[in-house]
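Dear colleague,

Please find the structure below, together with an account of what was found in it. I would be grateful if you read the two side by side.

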Amino acid sequence: MSDLLRAPAEIKYAEELDWLESVDDNPKPFSWRLSPKMVRLFIVGSERADGLDREIAPKWFGDRSFVERSIVTLASDRGLLLIGDPGTGKSWLAELLSAAISRNSTQVVQGTAGTTEDHIKYSWNVSMVIAKGQSRESMIPSPIMTAMETGTIGRFEELTRSTSDVQDALISILSEKYISVPELGSDRDSDNIVFAKPGFSVIATANSRDRGVNDLSSALKRRFNFVRIPVVTNKKSEAEIVRFRTEELLRRHQIELDVPPTLLDVLLQSFADLRASAAAAGSDDEKLESALSTAEQIGVLEDAILHSNFFGARELTARTLASSLVGSLARREPEDLAILNKYLHGVVEPRSTEEGGSWPEFLEGGRDAIATLS
Amino acid sequence: MSAPHEQSGEQPHVQLHVQPHEQSDSRPFASLRGQLQEAATEFAGGSDALEGILLGLVDDVDRAIREPLEIFPVCHHSPASALAMARRLREKQPKVVYLELCEDMAPLLTELRNCKLPVAVQSFATGIDGFPAEWSPLSVVAPITEASAEYQAIAYALDTPGVELVLVDRSSDHVFQWDARGEQPSEPADPDAPPAEEEAALHGDAVGVEIGDLRPRFAELEEHLLRHGRVRHWSEWWHQYVELPLGDSDHDTYRQVMFLIGSLFRRLAPGDAHRVRVDEDRERYMWTRMREHRAATGVDPADCLYVCGAFHAASRVEEFGIDGADTFGISPRTATKWQHGLIPSSHAAIEAQFGLAAGSVSIAATVWAKNVKRTRVEPYRLEGQAGGRKSRARKKTVAAPPPVAEIEAKDRLTGFLQQPPVLDGLDEAELLGWSVDIVRAARRNGYLSSTADAIAVFETSILLAGMRDRAKPTPYDFQDAAVTCIEKDAVPGRRDVRRLVEIMMGGDRIGQVGYESLPPLARDVHDRLAPLQLPLEKRGVQRALLDIAGRPELASCSDVLWMLRRLLPHGAARPIMGERKLGERSIQESWDLALGTHQRALIELGYEGVSIEQVLEQRLRRAAYAPTATAATVLEAVEDATLYLRSRRLADELGHHALTVLTTERSVDGAPEVLRRVRRLLAYYRTSEPVLPPWIESFVKAGYAHYCTLLPVAFTDEDATVRQVAAMLGFLFSMESLALSLGCDRTQLELSVGQSHPQDPSKTALLWAAQTHLGTLPRAELRARCDALLGNPLVVPSYPRYLSGFVHALEPVPGLTDFVVEAVSNAFGRLPDPVLLPWLPTLITTLRKDGADLAPLLIREAGRIFPGRLAALDAWVPPWLAQPAVDAARPGRGTGGGAAYAGRSALLVAHPQTCDAVAELLGCAGEWAPEGSGPGAASGAALLGRHPETAAALGALLGG
């Protein structure tokens, strides 16, 4: 067990990556550590027919063609923009891709309203500049610039959260593949241009709910290939994702707790119900503020697990699950609570009398939680 | 899933492990058998189910190869099959071609040449006999595309002299005989499936039959094959792993591989007992038919070719082969009468019907065209085939190389299975062409794509194909690449990149049935609409302008169009301007016509009769004589017969039937409709015919008696609404004069009104109105009753319901309009707000729903009564309030007013000349009585004394 709270993918799966690298005899583009096929295998998992001596577990669940298209994009000279609803696993896919390709997934720029061009290009160590003047030593490269210098993958999270002029700083990086540093002088022989090494590329993620806030310029759009990651609606694969992430979580917290499969079903079913009601809702007031993504589900489950581990009888119950569901989803005071209340009485109540199982307890827990909140 | 299945899913990979062996054994497949046996031992550790399956596969192939009657296995929408078929036909020149297609469809095949493919051969039955009635109409379609093996066989057989084409599969009737619809619950529709597009719905809800259905019957196997093939759907797998490797293989290899695949899918099918039984029965059927044909004609098996799906070629039934057992008895067809025709089809419809991936049939068509060009194989094509390119004039003399002598089949399978995966070389020019084309198409559809994108698509396609272990990007790889590089966060136009690629790869092709192959009815319709000078056979909407006044010959077109509108689904013929009503003729009409788009509907109409008039007549008759028909529906049929067919004969016949239906009816539900229609028909006959048709006279007479009888019941029946009772009264009152003139008795009506004792306030109001109309309830009395209602606080809340009764009474008693206005005004004036306000919406909805034609009457009357200007309102007194004052001022009427009477006699006495002159004229020699004596008994007695005859006669009568 590493002493990191959350190890990046390249550390977490270091052993697996090492092994894959050792058996990989396919051609590798540029400075890639793994061939495209192996990258795919690392992400979507191996099968018997792949003829490997050990099994590689799948780490990202979804259509294989998304992964293939993403890998191929990184091998071309365009950047990759993963776009989708919150919680669909965009950042996780980006992390896995950069870990597999360049063994470094930490060169990340986080896009916010406060992101400036300096965060994308470079900034200066002011005291050093005062002492020694502007030089390569006193320059602080951005993660993207570092990726260029090392020929690796740089990541830009939530690209559309940053303002348009900042976004456009990426245009020249993606097309010319260099950053010029005019402060270092304009002479031809001065070291004033940072060139990208082969293997450099950018993976950006964007939230499709943010569309219209800071739209990408068409010049920038042209330099990115868009891969749209859909919300998982297939119950089987969603269950797979939730189980996978929960196990990982339990391992990280060193908690030994059983998640009964029936409770997992209850969680999946209640999210499916809530999604259906959100789809049928006419106005924003009639739907929950939450996007009801898979990540949200994992959040609910995590919350419930932690709660029962530290405050409960070290056993996950439907009651805890219900109260953490209500607690995580009720964000606006009257509206969200009203929807959850309606859901409990209109859907869960009849179901608990019909099906029984964990539902009656779930209903009770939900009611209590709503009563506490309202 | 059982273990053997799991194991044998690995079958395609066996090739990696088998080692080449010397072919030492004399039997063709001995070495392959040996290798498979070894493989089975290696995988499963001994002779077990796996070995059984693997060796069984070889047995199946062996058996099919040894069959003296050459079996040609095909797969649907497989260009490789079509190409191999064309090649084989040129080489072998068979005399008889047996084809796996419903045998009753044979006569239609020659009509294919008049059509633009794809079209579907259809068997259709509405008059069903021997099947559950709810299955009606039965419909079977067999779509035929140009890129299919069966088309090659059909074209060869029909256009080569001396060649016979024999369809051997079970008839359409047997398709339903063997259908297990009744036994099995129908599968729930996939909720995620996108709604069917218009093109995809071309086949309607017909049952599809197809030659060469070849697909794993076993979901896990298909999934396994797709995953290992790194492909997304079955069509792509087939293209990649069968089409390409088989592309240029020789006949023997082709056959053996197809047999093997058929056998594989057959042996790995799950045990759906019904489906297996149907498949086997079909095989028995086909072989039995072939043996029958051979017995009848004595044809040499070497001259025959049996074209069937690879699945059926690997059959293990006893009847298999020309020497098979003759134990299968073909059940007789049911008495259902089948009609046959061709209907247009489309690639999308075929894909939707048979569960193929979108675009796969189009891609097959493109590949076929490319293969034909590349291999220079000359495909067969029906002489004069409509649509597509004109085929070059074939040199007939060259066509017949001598049939090749059969050589004994060798094992080609081992070689095929051992050959490394075929890597189709990268066709750079083609891929470049695609990349440039898609960018252009995207730009036309609003995407900001440029040459840079074309480069990226090209590069990405190759990279993607590489990742998926193929040198040449398939159309599907290309599609993925195009989506990756061009699709951004939003779709600017109507189509996204995925769809654009589909269109570029051939797009949907929609077939068309040529004029000559249309049923007589459809041809007739086209002939009769020819004066419109529109290309009606084309798809899409055409606007027709009919200036009937200027060109009287267009009137007949208009008739046809109105009938089509009545018969075809919505949208096929839609009037934009102009309407058809009884007794009216339009002088100009404009229509939106989409007959090309709805060609199937028109063709199916053709199964019902030879002309639209006949079909319409049949339909009207069917509607009128249906067990559920009511008098109203029959009258509607009468109206339609008059309106569209102008057929007095049919109208009379249906009218008489309406009479019968009416007299057996015991409810009054249809009364409003009956009233409306009878009124309309009466008005029409009165203006257009010299005398009323006898049926309508009888109808009025019978209706009068009928509704009189039902009236008391309807008044008290809770289920009968006010509107219905009002309509009954309307019938009775408005038809009264006609009915009385035909011998009805008014007493009947008076009696039935007298017997009516409704409880419901609205019906009570209706009854009062009826009584007023009949003269048994004076207006003053009616007014007094209403006043009493308003004055009584206990009944005030129900006053609005009385009012709604009065509003409905306008229909039968229009003379009461002023009273209704008065009643409504009183309600507004006197009803307390808690009663009035909740009632207002009800009044408005009642008026809008039931009184659309009554409201104008009310409003007109109100406009007459109320002052027109605001200023006049202050001084205005409603006429009903002014009435008593006027009455008092006026000299008294009637017998009661003594003072008035005195005034009048004083006037007479003052001017006796008038009276005298009248008396003289009448020959009455009266004299003036003195004032005050009054009209006493004396004058009466004097009169009697002067004329005793009357009294004497009365006395005689009484005394007698």
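**A three-stranded sheet in chain B**

In chain B, three strands make up an open sheet in the order E9-E11-E10, with antiparallel pairing. Strand E9 (542–547) and strand E10 (573–577) of chain B are at the edges with a single partner strand each, so one side of each has no neighbour in the sheet. On average, neighbouring strands of this sheet are turned by 25° against each other, direction ignored. E10(B) pairs with strand E11 (residues 588–593) of chain B in the antiparallel sense over four bridges, and B:Met577 stands opposite B:Ser590 in E11(B). Two strands are taken to pair if DSSP finds at least two bridges between them. Helices (H or I, at least four residues) and strands (E, at least two) are DSSP runs, numbered from the N terminus.

**How to read the model**

This is a predicted model, in which local features need pLDDT of at least 70 and side-chain atom pairs count only at pLDDT 80 or more, while totals for chains, interfaces and linings use all residues. Residues are numbered from 1 along each chain as its sequence is written, and chains are lettered from A and ligands numbered from 1 in the order in which they are written.

Chain A has 17 helices and nine strands. Of its 374 residues, 41% are buried; a residue is buried if 20 or more other C-beta atoms, placed from the backbone, lie within 10 Å of its own. Contact means that the C-beta atoms of two residues, placed from the backbone, lie within 7 Å. By that criterion, 18 residues of chain B are in contact with 22 residues of chain A. On the chain B side, helix H7 (219–228), helix H16 (451–467) and helix H17 (475–486) are the elements that give two or more residues. H16(B) gives the most, with seven residues.

**A covered strand**

Five of the six residues of strand E8 (residues 339–344) of chain B are buried. Strand E3 (residues 119–125) of chain B is joined to E8(B) by six bridges, and the two run antiparallel. B:Val121 has B:Leu342 in E8(B) as its bridge partner.

**Helices in chain B**

The axes of helix H27 (residues 722–734) and helix H30 (residues 761–774) of chain B come within 10 Å and cross at roughly 10°. That makes H27(B) roughly parallel to H30(B), a term used for angles under 35 degrees. Axes are lines fitted to C-alpha atoms, for helices over the stretch in contact, and angles run from 0 to 180 degrees between N-to-C directions.

Helix H32 (residues 799–809) of chain B has ten of its eleven residues buried, so it is largely enclosed by the rest of the structure. Its buried residues pack against H27, H30, helix H31 (779–791), helix H33 (817–830) and helix H34 (833–849) of chain B.

**Nonpolar cores**

The largest nonpolar core has 314 residues, and those with the most contacts inside it are B:Val307 and B:Met728. Such a core is a set of buried Ala, Val, Leu, Ile, Met, Phe, Trp, Tyr and Cys residues joined through C-beta atoms within 7 Å. Helix H26 (residues 694–716) of chain B provides the largest share of this core, ten residues. Apart from this core lies another, of seven residues, among them B:Ile128, B:Leu138, B:Phe176 and B:Trp338.

With kind regards

Methods:
Buried ≥ 20, exposed ≤ 12 C-beta atoms within 10 Å, placed from the backbone. Parallel < 35°, antiparallel > 145°, perpendicular 65-115°, else oblique.
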